Amino acid sequence: MSGKEILRIEDVKVSFSKRSNLFSRGGKGVVKAVDGISLSMDSREIYGIVGESGSGKTTLGRAVIGLIPICSGEITVFDTKISAGSRRRDRLYRTKVQMIFQDPDSSLNPNMNVGRLLAEPILINRLRPKKLLQERLEELLDMDGCV
Ligand SMILES: Nc1ncnc2c1ncn2[C@@H]1O[C@H](COP(=O)(O)OP(=O)(O)O)[C@@H](O)[C@H]1O
Ligand SMILES: [Mg+2]
């Protein structure tokens, strides 16, 4: 049984100008970090991208979440189309498409308690009016068996 298509990547290319590092001054030319990738993923799928270091996995992920622009091709996430020259993704997009970082310990601010950590994205993305926030926090904590 297949679900609804939620991500389509069509012939996407991302290039960077060569950057300098400790050993080189960068110089002319471009790095073709992602060079013509296409894939389609539906809502019931988990997609793994495997490749050697430097093969463009992170760059592709950053392009999908709108952190870096693409040079050509098209990415469709839900109903949003991203092409070369698209403007930055808006707030609504960021509530639907997000990165889960590899190290959960460094993703959470140790100065905040669980309530504040959960409240922050709800407030920033205006997902609930402030007066209904407590209700939503309790729902979320309840889902996780915390209250
Ligand atoms: N912001 C950037 N500026 C210049 N080059 C970059 C940048 N980000 C990535 N690259 C280069 O793009 C290529 C792909 O990198 P990356 O997507 O991080 O690969 P992976 O995640 O598969 O290890 C590498 O050659 C890397 O040095
Ligand atoms: Mg990477």
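Author: Let's begin at Thr-59, where a polar side-chain atom lies 2.5 Å from an oxygen atom of ligand 1. A pair like this is a polar contact, meaning two N or O atoms within 3.5 Å; within protein, one must be able to donate a hydrogen and the other to accept it, and residues adjacent in sequence count only if both atoms are side-chain atoms. Thr-58 has an N or O atom of its side chain 2.8 Å from a ligand 1 oxygen, and for Lys-57 a polar side-chain atom is likewise found 2.8 Å from an oxygen of ligand 1.

Before going further, a word on the ground rules. This is a predicted model, where local features need pLDDT of at least 70 and side-chain atom pairs count only at pLDDT 80 or more, while totals for chains, interfaces and linings use all residues. Residues are numbered from 1 along each chain as its sequence is written, chains are lettered from A and ligands numbered from 1 in the order in which they are written, and side-chain values use heavy atoms, with hydrogens and water left out.

Now the wider shell. There are 13 residues around ligand 1, and Gly-54, Gly-56, Lys-57, Thr-58 and Thr-59 come nearest; to be near, a residue needs a heavy atom within 4 Å.

Helices (H or I, at least four residues) and strands (E, at least two) are DSSP runs, numbered from the N terminus.

The two strands of the shell belong to an open sheet of four strands, ordered β2-β1-β3-β4 with antiparallel pairing. Strands pair if DSSP finds at least two bridges between them. β2 and β4 are the edge strands, each pairing on one side only. Between β1 and β2 there are ten bridges, and Lys-13 stands opposite Asp-35 in β2. On the sheet packs α1, touching β1, β2, β3 and β4, with its direction at about 120° to that of β1. Contact means heavy atoms within 4.5 Å; axes are lines fitted to C-alpha atoms, for helices over the stretch in contact, and angles run from 0 to 180 degrees between N-to-C directions.

Moving across the sheet, five bridges join β1 to β3 (residues 72-77), with Arg-8 opposite Thr-76. β3 and β4 form a hairpin with two residues between them, and Phe-78 in the turn has a positive phi of about 50°.
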